[in-house]
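Please read its numbered points alongside the model shown here.

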Amino acid sequence: MFNFDVIVIGSGIGGLTAGSLLARYGKRVVVCESHTIAGGAAHSFRRRGFEFDSGPSFYCGLTGANSLNPVKQVLDILGESIDALAYDPLGHYHFPENTVPIYSDNSLYLNEVSKITPQGAIELQHFIDKMLPLYEAMKGIPTIALRTDWQMIPILITNYLPSLLKMLPNLPLIQSSVGNVMDATVTDPWVRRLIDLECFLLSGLKAHGTIAPEVAFMLGERSRAGVEYPVGGSGAIIQALVRGLERWGGKLRLGCHVEQILVESGKAVGVKLKNNEIIKAPIVISNATVWDTYTKLLNPDDLPASYRQKALQTPAVESFMHLHLGIKASGLENLTGHHVVVHDSKLDITVPGNTCMISIPTVWDTKLAPEEHHVVHAYTLESYKGWERNEEYEAKKNSKAQTLYRALERIIPDIRERIVLELIGTPLTHAHYLRRHQGTYGPAIEATKAMFLGANTPIKGLYRVGDSTMPGIGVPAVAASGILCANTLRS
Ligand SMILES: Cc1cc2nc3c(=O)[nH]c(=O)nc-3n(C[C@H](O)[C@H](O)[C@H](O)COP(=O)(O)OP(=O)(O)OC[C@H]3O[C@@H](n4cnc5c(N)ncnc54)[C@H](O)[C@@H]3O)c2cc1C
């Protein structure tokens with residue numbers, strides 16, 4: 001009766017890693033993607049010769065043996081690979097009062113901080129020294145070996161006992177927030193803001209909301225593996241995962257919107273598409289967010305009411321304003337690729353519009369734009385509320401984009417005269433193209449305050465992957481969610 005063994009709803013990195021691994025494990029897999037381009041938040045798109053990343057552009061460990069990046073570990077198993085270009089400093093952080101280059105290498109990083117605050121640099125060193133032992137312990141247990149059921153226990157004991165023992169003294173840190181570690185080691189206000197900023201860039205939350213393992217991993221990994229940009233842009237990662245899926249017999253259907261998950265007697269049995277087609281499988285994996293899965297794809301009575309209510313109460317990080325530009329490159333020979341601009345020190349860094357992220361990937365991969373041009377992606381948080389496609393929409397869109405232009409002017413003062421292509425995205429654009437509830441970046445679950453719901457659901461045969469299933473919004477975390485789900489379903 002079943003057309004496939006597994007249906008995956010959505011081709012974000014979480015969906016693609018789960019789907020491609022299950023195909024590699026011999027399952028008959030179909031990935032149904034609503035958009036006409038695969039990749040979800042990590043998809044790339046082309047306009048007039050410019051190749052834009054819609055979201056991520058910051059990656060560690062995409063190449064190189066023994067990478068700890070879960071995406072690389074999945075690609076290895078699939079027999080796929082990508083090319084990437086290494087660079088350092090990984091970015092420049094621009095505060096109203098100064099600009100600091102941020103290096104992957106921790107000694108170079110500390111050296112730059114000491115030029116601004118010598119005492120702060122000593123404290124930052126103490127902070128890093130507290131975090132890195134956790135990374136050292138985590139490093140010994142590759143994500144690709146993990147699963148979420150009881151079978152994990154014999155695997156850990158048989159294959160990873162030394163790393164497990166290393167982990168024991170770090171147990172309190174695993175459950176701690178970065179803020180707790182910061183409170184114990186750093187008093188310097190400049191460095192405290194720096195740590196808050198680094199957390200915010202990772203998780204959408206400041207240090208007290210971010211879990212320590214996430215930042216320990218980031219600090220360790222960026223200094224060990226270095227920072228890399230994928231040749232061809234983020235889309236190159238997606239293409240490699242899709243190649244891997246198809247190489248092992250899996251299918252990707254684009255423009256294939258799932259309208260409903262079919263549940264019979266408390267068990268998932270397939271999906272109904274927008275065109276009314278029914279696909280049947282005993283396992284359905286949703287890569288849609290927790291809010292979209294439980295409101296749009298299931299009937300309210302498919303789930304226990306208390307579970308559903310709790311799941312839907314998961315707080316969400318805001319959405320985004322985006323500016324995608326094609327610009328003339330002449331005279332910009334010394335440009336660097338990543339920048340973060342904080343406009344106003346008196347305002348919290350999380351206030352929409354105050355912190356702006358900028359990526360100029362043509363600094364590393366010139367082929368992403370026509371000759372003598374750059375692609376620019378700038379974005380900042382923006383609330384979904386209040387946006388409507390009415391007669392004020394265009395004016396509001398242009399007005400809200402100004403904070404991004406002001407940020408860009410810190411790096412390229414004559415940016416406005418250089419523009420040959422301008423695309424402005426609002427929270428409505430973000431929600432529409434990524435099919436994400438209110439265009440959210442992901443769950444705003446504060447460290448130590450609540451738990452993520454994980455891959456399992458109360459419905460037999462229905463699983464979830466992606467950024468609303470485990471801590472650490474970002475490509476490594478969502479790839480890890482796909483691995484955990486696939487490994488658990490392997491046998
Ligand atoms: C602006 C921005 C910058 C970022 N920068 C970085 C970075 O530099 N580094 C980093 O590591 N991370 C970064 N991230 C985070 C990272 O991109 C995301 O966490 C990750 O890509 C999310 O993947 P996912 O698998 O959870 O789901 P998503 O990417 O949300 O994919 C879900 C997919 O499901 C599809 N879908 C939903 N509903 C349906 C349906 N009913 N039927 C069919 N398909 C459906 C959607 O169309 C989508 O393709 C960034 C994110 C954003 C938005």
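1. An oxygen atom of the ligand lies 2.8 Å from a polar backbone atom of Val 475, a polar contact being a pair of N or O atoms within 3.5 Å; within protein, one must be able to donate a hydrogen and the other to accept it, and residues adjacent in sequence count only if both atoms are side-chain atoms. The protein covers 94% of the 1,000 Å² of accessible area that the ligand has on its own, by the Shrake-Rupley method with a 1.4 Å probe; for residues, only the protein chains shown count as cover.

2. This is a predicted model, in which local features need pLDDT of at least 70 and side-chain atom pairs count only at pLDDT 80 or more, while totals for chains, interfaces and linings use all residues. Residues are numbered from 1 along each chain as its sequence is written, and side-chain values use heavy atoms, with hydrogens and water left out.

3. An oxygen atom of the ligand is 2.7 Å from an N or O atom in the side chain of Arg 436, and a nitrogen atom of the ligand is 2.9 Å from a polar backbone atom of Val 258.

4. Which residues come nearest to the ligand? Of the 37 residues around the ligand, these are Gly 14, Glu 33, Ala 41, Arg 436 and Val 475; a residue is near a molecule or strand if one of its heavy atoms lies within 4 Å of it. The shell divides into 18 nonpolar, 15 polar and four charged residues. Here Ala, Val, Leu, Ile, Met, Phe, Trp, Tyr, Cys and Pro count as nonpolar, Asp, Glu, Lys and Arg as charged, and the others, Gly among them, as polar.

5. Helix H18 gives the most to the shell around the ligand, with three residues. Helices (H or I, at least four residues) and strands (E, at least two) are DSSP runs, numbered from the N terminus.

6. The protein chain is divided into domain 1 (6-44 + 233-314 + 444-489), domain 2 (105-224) and domain 3 (319-438), with bounds from an automatic or database domain assignment. The ligand lies between domain 1 and domain 3, because both give residues to the shell around it. The centres of domain 2 and domain 3, taken over C-alpha atoms, are separated by 30 Å. Six residues of domain 2 are in contact with nine residues of domain 3, contact meaning heavy atoms within 4.5 Å.

7. The peptide bond from Asp 88 to Pro 89 is cis, with omega near 5°, and Pro 89 sits in the loop between strand E6 (84-87) and strand E7 (91-94). Asn 276 has a positive phi of about 75° although it is not a glycine; its place is in the loop between strand E12 (267-273) and strand E13 (278-280).

8. Thr 429 is found in helix H17. The side chain of Thr 429 reaches the backbone nitrogen of Thr 426 at 2.7 Å. Not counting residues up to four places away in sequence, Thr 429 touches Arg 389 and Tyr 393.
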